[in-house]
Amino acid sequence: MNATPTSTTPQGTPSKSAKRDRSALGSRLVQAAFVLVLVGLWYLGTTYGQISPILLPNPVRVFDELVDVLATLEFVSDLGVTLFELAIAFSISATSGIVLGYLISRSQYSIRVFEPLLAGIYSVPIILFLPLYILFFGLGPSSKIALGVTTSFFPIILNTIAGFGYVERVYVLSARSMGASDYQLFRWVLLPAAFPIILTGLRIGFTVALLSILGSETIASLAGLGHRIVHLGEGMDMARMFAYIAFAVAIALTLNTVTSSLEARARRR
Amino acid sequence: MAGNDLAIRVRNVSHQFGEEGSTQFVRAMLETSLDIHRGELLCLIGPSGCGKSTLLNVIGGLLTPTSGQVLVGDTEVSGPLPQEIAYVFQENALFPWSTVIENVNLGMMFQGVPKVEREPRARKSLAAVGLSDFANHYPGQLSGGMRQRAALARALSLETGIILMDEPFGALDEQTRMVLGEDLSVLLSRTGKTIVFVTHSLGEAVFLADRVAVFSARPGTIKEVIKIDEPHPRKPGFMTSEKFTDLRNTLFALLHEEIRKAMEQSAASERAAGRDGHS
């Protein structure tokens, strides 16, 4: 037998990937230029234009405030509260979502029963439960954690069901025909088949948990980054409020980049 | 009866899917009996949906028949028999998240081969199908024909006496399946394995088989068994010989009527129940 396969390297041919790199660099440059122009307009409008500093403070002042926030480590306690809420909420929803999702995926009957039900609840705007959670759990971190769990639980459990529940039948049949035990089937067939899909669910869950926790802190809370931002706004300390917004955006971007690259790395394996 | 030269005995096997009276109900196989000799290559051929694959899955222990029994050697089949039977499925039964050699090793691990023996056996069976250079490729990086060779290597590495093949070349183009058929004939003539091979290609059946069992339309049962008296390994020249053409024509005549019947059935059942995927 002599097959003559055409070259099939995993990442495509070198020239193609070089071209992709170059166009990626180009779009990065355009993105950076876009942000620079926006900041430039912001600077010009607030320095020479008639824009009130109450509505939009000067970017130089915002930058000075940001430096102060970072230098004095004032942000630590609020960031700590937000990250604490996020960590607890995400651990609860990841554990319960994966375990319950796996159990549901074990029978086609329970998939048929639960999957549409969960997908239905997922489409409800869960932020509407916040007043209820505040009544139940108070203004502290508990109500934020509850909201974070509720928003992130559904994408995680739905992706877990999708991952374990729809493994190609022929993989299971061939493993069984070769004598795979229940454990071997799980470890070497079901788990690797489901893993990338579950990982996507975890990434989506993490992002929505962060968003809903920051959002709910701005609505009713005692501490946290969202709380700090609203508090500064109510005190008319606009430059410092903008500095905190920039800080929160940077944190959110960092966390999302980290989770996305973790996902990409695990997929490549 | 002289049991030792019979590898597989199929006794009055019937199978139905779904409950009688429901829209899903299909009587796939009716009172099928068949003896398969040790070391022969037997092709099952018939109209689609006639129960060829069902019979294969019953022999392999992946499906428990509604009635009847199958004996492999002297053991009654009641579940997979990984020590006796290896499978090659229609397509894409390799695990896409593992490399070719990992796929072969996993099969042996499932079967219970000690760890130290796996690697050399995997290398040997990959060499046998000509895939030594692709051991570390993922299935997605191989062509359809190469994937099926890898699946064959996985089956060979299990060193079973019996290999069941469910339309293994069904998804490949005509040229590729011709070449793979020749290679298979060469490969298997050396090993003395018992092969049951499901196909719907008349040419493939005549070219590969020692005997061809022709199925009737649903409920499937074996209508006739044709002997192909031609030594292995078979040369491409066999395909253009008069003998080949005659045998092919005999099979065609046997099948033609059944295929018409099957098509009318499937049109009728599609109207009745919509599409439901079991074959």
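Chain A of this predicted model is split by the domain assignment into two pieces, listed here with their residue ranges.

| Domain of chain A | Residues |
|---|---|
| domain 1 | 14–51 |
| domain 2 | 69–268 |

Between the C-alpha centres of these two domains of chain A there are 31 Å.

How far can you trust chain A? Its mean pLDDT is 88, with 91% of the residues at 70 or more. The stretch to watch is residues 1–13 of chain A, where pLDDT is below 50. That stretch still has 13 contacts in the model beyond near neighbours in sequence.

Now to helix α7 of chain A, which covers residues 169–177. Which of its residues are buried? They are Tyr171(A), Ser174(A), Ala175(A), Arg176(A) and Ser177(A). Their packing partners come from both chains: α8 (182–219) of chain A, plus β6 (85–88) and α2 (100–111) of chain B. Just past the end of α7(A) sits Gly179(A), with a positive phi of about 100°.

On to the contact between the chains. Chain A puts in 20 residues and chain B puts in 23. On the chain B side, the elements giving two or more residues are α2 and α4 (144–157). Of these, α2(B) supplies four residues, the largest share of that side. By residue class, the chain B side that touches chain A has 13 nonpolar, eight polar and two charged residues.

How values were computed
Residues are numbered from 1 along each chain as its sequence is written. Chains are lettered from A and ligands numbered from 1 in the order in which they are written. This is a predicted model: local features need pLDDT of at least 70, side-chain atom pairs count only at pLDDT 80 or more; totals for chains, interfaces and linings use all residues. pLDDT is the predictor's confidence in each residue, from 0 to 100. Two residues are in contact if their C-beta atoms, placed from the backbone, lie within 7 Å. Domain bounds come from an automatic or database domain assignment. A residue is buried if 20 or more other C-beta atoms lie within 10 Å of its own, exposed if 12 or fewer, and partly exposed in between; C-beta atoms are placed from the backbone. Ala, Val, Leu, Ile, Met, Phe, Trp, Tyr, Cys and Pro count as nonpolar, Asp, Glu, Lys and Arg as charged, and the others, Gly among them, as polar.
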